[in-house]
Amino acid sequence: MGRFGRRVQRGRGVRAERAADPADVAHLERFVASRIGVEAYLEPATLMTGQTVILIGHDSEWTRRRLTHPAALAFGRRVGIPVYDVGKLGYPQRMRDYNARQRTSH
């Protein structure tokens, strides 16, 4: 039995990563092409989603799409932007400031 009386099934809870959706990749490409100073941050998988990448522009506007880490690294090389691990660096302060401004303006 599991911790709270439920049987734990082995192998469950681990998400199989799916291939990158071409529409997601196209969205990310448009984001990079329409902004300056874009950086990519790799985000770990959660219980609800697989691995994601968040792109943050110089103006702090951002977008997130599901993309595996290997695909995100390849994407960054292909479009010429740096790719960072959010688990090691955290989110940039400018993104947090942008989100705070967006909350107060709505």
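Let's start with Ala33. Ala33 counts as exposed, at 69% relative accessibility. One caution before I go on: this is a predicted model.

Where is Ala33? The residue sits in helix H1, which covers residues 22-33. Now look across to Val79. Along the chain, Ala33 and Val79 are 46 residues apart. Their C-alpha atoms are separated by 8.8 Å.

Next topic: salt bridges. How many does a search of the whole structure find? The count is 5. I'll walk through some of them, including the one between Arg65 and Asp24.

In that pair, the closest N and O atoms are 3.7 Å apart. That falls inside the cut-off, because a salt bridge needs the side-chain nitrogen within 4 Å of a carboxyl oxygen. What does this bridge connect? Arg65 lies in strand E3, residues 62-66, and Asp24 lies in helix H1, so the pair ties together parts that are 41 residues apart in sequence. Now the exposure of each partner. Arg65 is partly exposed, with 25% relative accessibility. Asp24 is buried, at a relative accessible area of 14%. The buried label applies because 14% is under the 20% limit.

On to Glu61 and Arg35. Their side chains form a salt bridge, with 3.3 Å from N to O. Both ends are in loops here. Glu61 is in the loop between strand E2 (52-56) and E3, while Arg35 is in the loop between H1 and strand E1 (39-43). The pair therefore ties together parts 26 residues apart in sequence. Buried or exposed, or in between? Glu61 is partly exposed, with a relative accessible area of 28%. Arg35 is also partly exposed, at 23% relative accessibility.

One more bridge: Arg64 and Glu43. The side chains meet at 2.7 Å, N to O. Which elements does this pair link? Arg64 is in strand E3 and Glu43 is in strand E1. These are distant parts of the chain, 21 residues apart. Check the accessibility again. Arg64 counts as partly exposed, at 34%. Glu43 is buried, with a relative accessible area of 5%.

To recap by element. Strand E3 holds Arg65, which pairs with Asp24 in helix H1. Strand E3 also holds Arg64, whose partner Glu43 is in strand E1. The loop between E2 and E3 holds Glu61, and its partner Arg35 is in the loop between H1 and E1. And back where we began: Ala33, in helix H1, is exposed.

Conventions:
Residues are numbered from 1 along each chain as its sequence is written. This is a predicted model: local features need pLDDT of at least 70, side-chain atom pairs count only at pLDDT 80 or more; totals for chains, interfaces and linings use all residues. Side-chain values use heavy atoms; hydrogens and water are left out. Helices (H or I, at least four residues) and strands (E, at least two) are DSSP runs, numbered from the N terminus. Buried means under 20% relative accessible area, exposed over 50%, partly exposed in between (1.4 Å probe, protein chains only).
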